[in-house]
Amino acid sequence: MSSFCADPVIELKLANLSEDLESKNREVVLSFYGALESGNSEAVLGLLASNDLEWSFHGPAEDQHLMRFLTGAASHDRFSFKPVTLCAIGDNVFVEGQSDASDRKNCKCWIHVWTLKEGKIVQLREYINTELIVVGPIHDSLWKSQLGKGHSKSLPSLILSV
């Protein structure tokens, strides 16, 4: 009977590769928000894998601000997407922010879940005014949104499995 013993050097190299990938993915997503804030649509489009971005939106239709900007239906200054928290796990980057933290009654919390392949954005899952819990393959909690906790309104919870 044989037992498997992982080589610590190989495990360390794999951990470093994962950290490098996650760091690069964070930088791509932060570049996206920087280009978005400045209204640089060319830079935004250059970060996408293609014009065929897989996109899902969860929230009221009137809150599809990012889609309106990317399709040219609205200017970049209509809604501000400024990340407050950012977490990378493998190919996924989880970002949350608020529309206007000073206006607690009308504040909109948002979460973007980005998927990247080879340094390009291939998928975006966008959530407005909800709480998101991300679980891994064995249902361990990997990430949970935090911004909506201080609001007087109730935010529905969603569970996303990656």
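How do β3 and β4 pair, and over how many bridges? Select both strands: β3 and β4 run antiparallel to each other, with seven bridges between them. Two strands count as paired if DSSP finds at least two bridges between them. Helices (H or I, at least four residues) and strands (E, at least two) are DSSP runs, numbered from the N terminus.

Before going on, a word about the model. It is predicted, so local features need pLDDT of at least 70 and side-chain atom pairs count only at pLDDT 80 or more, while totals for chains, interfaces and linings use all residues. Residues are numbered from 1 along each chain as its sequence is written, and side-chain values use heavy atoms, with hydrogens and water left out.

**Stop 1: strand β4 and its partners**

Click on F94 and look across to V113 in β4, its bridge partner. Follow the chain from β4 to β5 and you pass through a hairpin with two residues between the strands. In that turn, E118 has a positive phi of about 50°. Strand β4 is largely enclosed by the rest of the structure, because eight of its nine residues are buried. Buried means under 20% relative accessible area, exposed over 50%, and partly exposed in between (1.4 Å probe, protein chains only).

**Stop 2: the cores**

A nonpolar core is a set of buried Ala, Val, Leu, Ile, Met, Phe, Trp, Tyr and Cys residues joined through side-chain atoms within 4.5 Å. Select F32, Y33, L36, W114 and I121: among the 24 residues of the largest core, these touch the most other members. The elements α1 (8–38), α3 (65–70), β3 (92–98), β4 (109–117) and β5 (120–128) each supply at least two of its residues. Helix α1 gives the largest share, six residues. Another core, of five residues, lies apart from this one and includes I111, V113, Y127 and V134.

Zoom in on L36 in helix α1. With 6% relative accessibility, L36 counts as buried. Its C-alpha atom is 8.6 Å from that of F69, 33 residues away along the chain.

**Stop 3: the aromatic rings**

Show the rings of Phe, Tyr and Trp (its six-membered ring): they pair if their centres lie within 6.5 Å, and planes under 30 degrees apart count as stacked, over 60 as edge-to-face and the rest as tilted. The structure holds five such pairs.
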